[in-house]
Amino acid sequence: MFDQYGRSINYLRLSITPRCNLNCIYCRPGHCPTGFDPYSQTRVLTVEEIDRLVRAFVSLGIEKIRLTGGEPLIRDDLEAIIRCIRQYPQIRDLSLTTNGQDLASRAQSLKDAGLMRINISLDSLRESTFAEITGNGSLQRALDGIDASLQVGLHPVKLNTVLMRGINDDELDNLFALTKIRPLALRLIELMPMNSLSATHERLITGTEILQRYPLLQRIADSYPGQPAEDYRLPGYLGTIGLIRPISHRFCKVCNRVRVTADGQIKGCLGKNDETDLRPLLNQPDDQLLRDFIRHAIHDKPLGHHFEEKRAPQRSMDRTGG
Ligand code: SAM
């Protein structure tokens, strides 16, 4: 369906848990010490609730779903969620974003359940920096998850990297090298102001700066209209390098997505505080009421984010779903 500004909304980003086994410095609420779980009491959507939601969204024209969190692999019933979504033939794209820590042993079962493709966060290739950014994550486990995803054919395997000045921005050569002989799609995401570390833009590395540093990057045509990443390739490299520039080249005009948080709030924009609780409607048998509610929320999707105000939204990224 179309929103009030004429944008066609066909993409649902569905968070299935705010909980995470890592504690990334740009994502979690600033005060969150490693080992502390601020969301242990959050009641997340059940498979049955997700089924009802997906049915309603599909009837309104949603064709693409990305599962995210928090860390979606924390849920034991992730495969059941995937199978449930794949019942709907209207869903032509089902993907997952993960930190890859527990992926190696699960990639095959995710693929078997019907997952089509995967994004894995990889912010550093230096063990110590990886651990510093993620609050003790294991680089090796993430790399094993990438290998397993390639092996089982979760194609394309995309790698999400948030560059931060003074932390990992000296690693571009090594990160680019990942795309040399493997069909990986590396994506460099501009740091969005989602918590106290990211709020000031001091650490922000823009896509423009990357293009200035690497004039050899060759632009590739978009794979589909309105794709958020601008894709590039280094001459002779098999994989691609995407620049996702929500701050310096905002893509709100072509934004096609709507979000549902793990606790059932529908949000039209990552960078805005507006949200509406869908849970009361999930307790009622009337599908039409749920559909009408979602239709209104999509219609009212905000025109654009206000990240340039350098003010983090009230929900940190882990609570919204990245
Ligand atoms: N736990 C999973 C993971 O690590 O990929 C999924 C959730 S995470 C919130 C999803 C994506 O959001 C990650 O690729 C992460 O890099 C990105 N992200 C989180 N906070 C961000 C921020 N402040 N700016 C840009 N990207 C961010």
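In what order do the 12 strands of the open sheet stand? I read the order as β7-β8-β9-β6-β5-β4-β3-β2-β1-β10-β11-β12, with mixed pairing. Strands here are DSSP runs of E with at least two residues, helices are runs of H or I with at least four, and both are numbered from the N terminus. Two strands count as paired if DSSP finds at least two bridges between them.

I noted the ground rules before going on. This is a predicted model, in which local features need pLDDT of at least 70, side-chain atom pairs count only at pLDDT 80 or more, and totals for chains, interfaces and linings use all residues. Residues are numbered from 1 along each chain as its sequence is written, and side-chain values use heavy atoms, with hydrogens and water left out.

I looked at the ends of the order. β7 (218-219) and β12 (276-277) are the edge strands. Each has a single partner strand, so one side of each is left without a neighbour in the sheet.

**Entry: strand β2**

I moved on to β2, residues 64-69. Six of its six residues are buried, where buried means under 20% relative accessible area, exposed over 50%, and partly exposed in between (1.4 Å probe, protein chains only). I checked both faces. K64, R66 and T68 lie on one side and I65, L67 and G69 on the other, and all are buried.

I65 and V258 are 193 residues apart along the chain, and their C-alpha atoms are separated by 9.9 Å.

Then I listed the neighbours of β2. Strand β1 (residues 11-17) runs parallel to β2, joined by six bridges. S15 stands opposite T68 there. On the β3 side, β2 and β3 are parallel and joined by four bridges. I found L96 as the bridge partner of L67 and D93 as the partner of K64.

**Entry: strand β3**

Why do I call β3 largely enclosed by the rest of the structure? Six of the six residues of β3 (residues 93-98) are buried, so the strand is largely enclosed. D93, S95 and T97 point one way, L94, L96 and T98 the other.

β2, helix α2 (residues 78-86) and β3 make a right-handed β-α-β unit. Right-handed means that, with the strands pointing away from the viewer, the path from the first strand over the helix to the second runs clockwise. From β3 the chain crosses through helix α3 (residues 107-113) to β4, again in a right-handed β-α-β crossover. β3 pairs with strand β4 (residues 117-121) in the parallel sense, over four bridges. In this pairing T97 stands opposite N119.

**Entry: ligand shell**

Which residues are closest to the ligand? I noted G70, E71, S121, N160 and M192, out of 19 surrounding residues. The shell divides into eight nonpolar, nine polar and two charged residues. Ala, Val, Leu, Ile, Met, Phe, Trp, Tyr, Cys and Pro count as nonpolar, Asp, Glu, Lys and Arg as charged, and the others, Gly among them, as polar.

The side chain of E71 has an N or O atom 3.0 Å from a ligand nitrogen atom. The side chain of S121 has one 2.6 Å from a ligand oxygen atom. For M192, a backbone N or O atom lies 2.9 Å from a ligand nitrogen atom.

How much of the ligand's accessible area does the protein cover? I read 96% of the 550 Å² that the ligand has on its own. The areas come from the Shrake-Rupley method with a 1.4 Å probe, and for residues only the protein chains shown count as cover. β2, β3 and β5 (157-162) are the elements that give two or more residues to the shell.

I checked strand β8 (residues 229-233), which runs antiparallel to strand β9 (residues 240-244) over four bridges. D231 is in β8 and stands opposite G242. With 14% relative accessible area, D231 is buried.

Last, I looked at D318 in helix α10 (residues 317-320). At 1% relative accessibility, D318 is buried. Its side chain joins that of R28 in a polar contact of 3.1 Å. A polar contact is a pair of N or O atoms within 3.5 Å; within protein, one must be able to donate a hydrogen and the other to accept it, and residues adjacent in sequence count only if both atoms are side-chain atoms.

Definitions and conventions
Near = heavy atom within 4 Å.
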